[in-house]
Amino acid sequence: MSREKILHRLRQNSPLPVPPPGQFQENIVLAKEKLVEIFSRSLKQAGGECIELSNADDIYGWLQTHYPGAVDFTRGDAGKTYSAGCAKEKLERLETVVLEGRFGVAENGAVWIDDSCFPHRLIPFIAQRLIIILHKNQLVSDMHEAYNRLDLTGTGFGLFICGPSKTADIEQSLVYGAHGAMEMGVVLVD
Amino acid sequence: MHSLKIGLFIPCYIDQFYPGVGIATLELLQKLKLNVSYPLKQTCCGQPLANTGAEKEAIPVYRNFIRNFSRFDYVVSPSGSCVYHVREHYDILEQTDEVKKVRKNTFELCEFITDILKIDDLKIHYPHKVGVHQSCHGLRGLKLGKSSEIIAERYSKVHKLLEKAGGIELIKLHREDECCGFGGTFSVFEPDVSVRMGLARVEDHQLNGAEIITATDMSCLMHMEGIIRRQKKNIKVVHIAEILNSNSL
Amino acid sequence: MNAHAQMAANFLANRERSDWHDQTLWMVRQKRDRVALSVPEWEQLREQASKIKDNVLSNLENYLLQFEQHALANGVKVHWAVDADELNRIVLKIINDSKAVRVVKSKSMLTEECGLNPFLEKLGIEVVDTDLGERIIQFRNEPPSHIVLPAIHLKKEEIGELFHEKLNTEKGASDPHYLTAAARAHLREKFLSADLAITGVNFAVAETGAVVVCTNEGNADMGVHAAPVQVHCMGIEKIIPSTADLGVFTRLLARNATGQHITTYTSHYLKPKEGGEMHVVITDNGRSERLGNVKYRDSLKCIRCGACMNTCPVYRRSGGYSYRYVIPGPIGSILAPYADIKKYKDLPFASSLCGSCTDVCPVKIDIHQQIYYLRQEITGRSKFPGFKKISLKLAAKIFAAGRWYDLSGKTARWAMKHLSRKIIYHPLNAWGRGRELPEVPERSFKEWYKKNIKS
């Protein structure tokens, strides 16, 4: 059997054991006060927008004003309307969707979302515009902290998402909206 | 200093085509009050053969090098790539005490001056616009300077020796350490890429105002000079030994 | 001239195009430098990544078994492929078993290496490559010329013409935004109608059985979540021990590949979707053999970032096609000869051994040193035409003995000084293609020394 063949070859050809290195010690851990500033800058560099709102209650007012047609998965019945068994054509018609982010990473502007944030896995990709709501105290400094914090028990699918979909495959010209969202923004709330 | 015995190694192409570089190196070391000898039976470090893939055939050449230089405290050479070859690739020889000693104590000229003699001011007056070509084997192999790929504090032993020269202007390049394309036999196996790379280096120096291109390796300079002369460009090459030797010591 | 040199010469003949290629890839190298500078512990990160991979390579069996165990527990089907042919057959079986007709694929250098597309296409199965760059070269029936930027050799006008033909875009239109929008619409239709999606694997995590795929476009996710069946193809060396290790690699990959801090999407696939299937095909195809060779085993640490290509002055000026292998550039010059030493024996000589690749490699593969070792192997075992081997031996004898060396040097100098220009610069003189030979001095250094110093 191929599996046995491969494992046998690996056993035969394996170099002498080399221990794993210790945990990585980064030199600089960003100060808490700076996390919002750096996260915002990193996200903008990646083509995303970063909006700060002070009061969590303001979110819904803000959404109503700027994106009245948005499908909000952070509350209400949207999860039932666009369930896991939902037809793809229906999902394709999604214009703006709102998701809740679990935590954000300042060094690169990425946000972790997973299948506890959306009922159908296509949602973060198929919508034309993606808005993620994130609490300011859910920001970490870098990917080491991020992965330390991540608990994948029970998760079937999750991702770090940073900015809108993009490509530079045509003569290195940057274009947003290759296959995923054309626009992406994070609303940071207290 | 007087008691140290220095063996001078002159690379084959400097011996044959650029004896002035050898003479400058010898004169400079003598000005620094060193006891320098030039073993007459020396030939080559063996790199041309090894880079073609014939390192086994090169072993007698390696042994001739060791034989000629084992009696010295230090071996000094105006060539980063030859020194790199001895320090790195003579590992295929049986590592006798003699071999280990020679490998450990073979130095390129600039690093010998800064690291062993601990001198960084040779009292040079050199009122020219000079571009430093950071030859690859010296830069990345011997760590004569920090290569642009590495994220660390900048340093350059060659620049250090030139900085204090009176009247000198060290020009800044667009690509500070891109390879010139000589690469030994690469220059004849891949002539078009080699020439294109060399031309790009020369143009970088010219665009940034250099009158003179200098380097630790005459091989790089020979290649760039060949292009300069073919294209009748108005820029010169001068080996670092000749600049450093134009001092008032 | 050897194959690489000839193709490089052809590439360079178009001066404007080859200059553009060089300048564009240099800019990608500069982007990498800029983001690397923003990470003060950059060199320690490289060292950590290198050490993690060293540990992985000495423990591959255990980590793969651990991965399999967790993946199986998550409802993932795990397959093992000994070689390219088996990978292709396994994927075919999954396609047939699930009665899939339309297949989409996101970037996978492994499937390129194994020739999956031509294999499936011969059997009448349409495979649509969904990375924009990959789709472009698929339309043109060309291989990729760079592993991250596969269409880097093309200008937007050429892509415009191609899309006019294939996607009905306006004739003469070449605006990248317009063309990308057309590709978006075209590929969306493919995603939504696909029965099966294939992806590569950037990292497979032993600790959790997770498959991690990094993209900027989101095409891996569009394919995987829209189609009922998802298949992830991985080389055995893509395994990493733990989730914590992902912290190191996700900080290095995009910064090295494109100069971004992170790709838009870093997706972690653990379990199949409800009612769906998830497969992982663990593939050897010569890797376990390379593991046993101490000189070249470090090439297995490669995370396929492409930084070595961007920094290589030879690659920039000869173009990816001159390497004629799925993975070009410095790392390709090690991988290709390993796959077929006869066909690719020229590649280790297509290098000036400058060492820039080794200095950028995020996992610290000593690329230029392995290229040097490969040269010894190729020259050593090659069936050289008799005279070349003899001339090497002769050269060695000359360089080893003072008298012969001095004499041959003197002869060469005499010849250079006295033979006519026409004879010296004849077409066979490779040095003379673009350069003058050095001027001949009156005497060698040794002759000067003997006369002036030695008493």
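In which hand, left or right, does H9(C) pass H10(C)? Bear in mind that this is a predicted model, and begin by selecting residues 156-167 of chain C, which form helix H9, together with residues 176-193 of chain C, which form helix H10. The crossing of H9(C) with H10(C) is left-handed, and the two axes come within 10 Å of each other at an angle of roughly 35°. Show the side chains next: from H9(C), C:Lys156, C:Ile159, C:Gly160, C:Phe163 and C:Leu167 meet C:Pro176, C:Leu179, C:Ala182 and C:His186 of H10(C). Sorted by class, this contact consists of six nonpolar residues, two polar residues and one charged residue.

Now turn to chain B and select the strands of its open sheet, where four strands lie in the order S6-S5-S7-S8 with parallel pairing. Strands S6 (169-170) and S8 (236-237) of chain B are at the edges, and each has a single partner strand, so one side of each has no neighbour in the sheet. Within the sheet, strand S5 (residues 129-132) and strand S7 (residues 212-214) of chain B run parallel and are joined by three bridges, and B:Val132 can be found opposite B:Thr214 of S7(B).

Finally, display the chains together. The contact between chains B and C involves 58 residues from chain B and 55 residues from chain C. On the side of chain C that touches chain B, helix H19 (residues 386-400) of chain C supplies the largest share, six residues, and that side comprises 29 nonpolar, 14 polar and 12 charged residues. Of the two pairs of chains that touch, chains A and C have the most contacts, whereas no contact joins chain A and chain B, whose closest C-alpha atoms are 14 Å apart.

Notes
Residues numbered from 1 in each chain as written. Chains lettered and ligands numbered in written order. Predicted model: local features only at pLDDT ≥ 70, side-chain atom pairs only at ≥ 80, totals over all residues. Pairing = 2+ DSSP bridges. Helix = DSSP H or I, 4+ residues; strand = E, 2+ residues; numbered from the N terminus. Contact = placed C-beta atoms within 7 Å. Nonpolar A, V, L, I, M, F, W, Y, C, P; charged D, E, K, R; others polar. Axes fitted to C-alpha atoms, helices over the stretch in contact; angles between N-to-C directions. Left-handed = near helix turned anticlockwise from the far one by under 90°.
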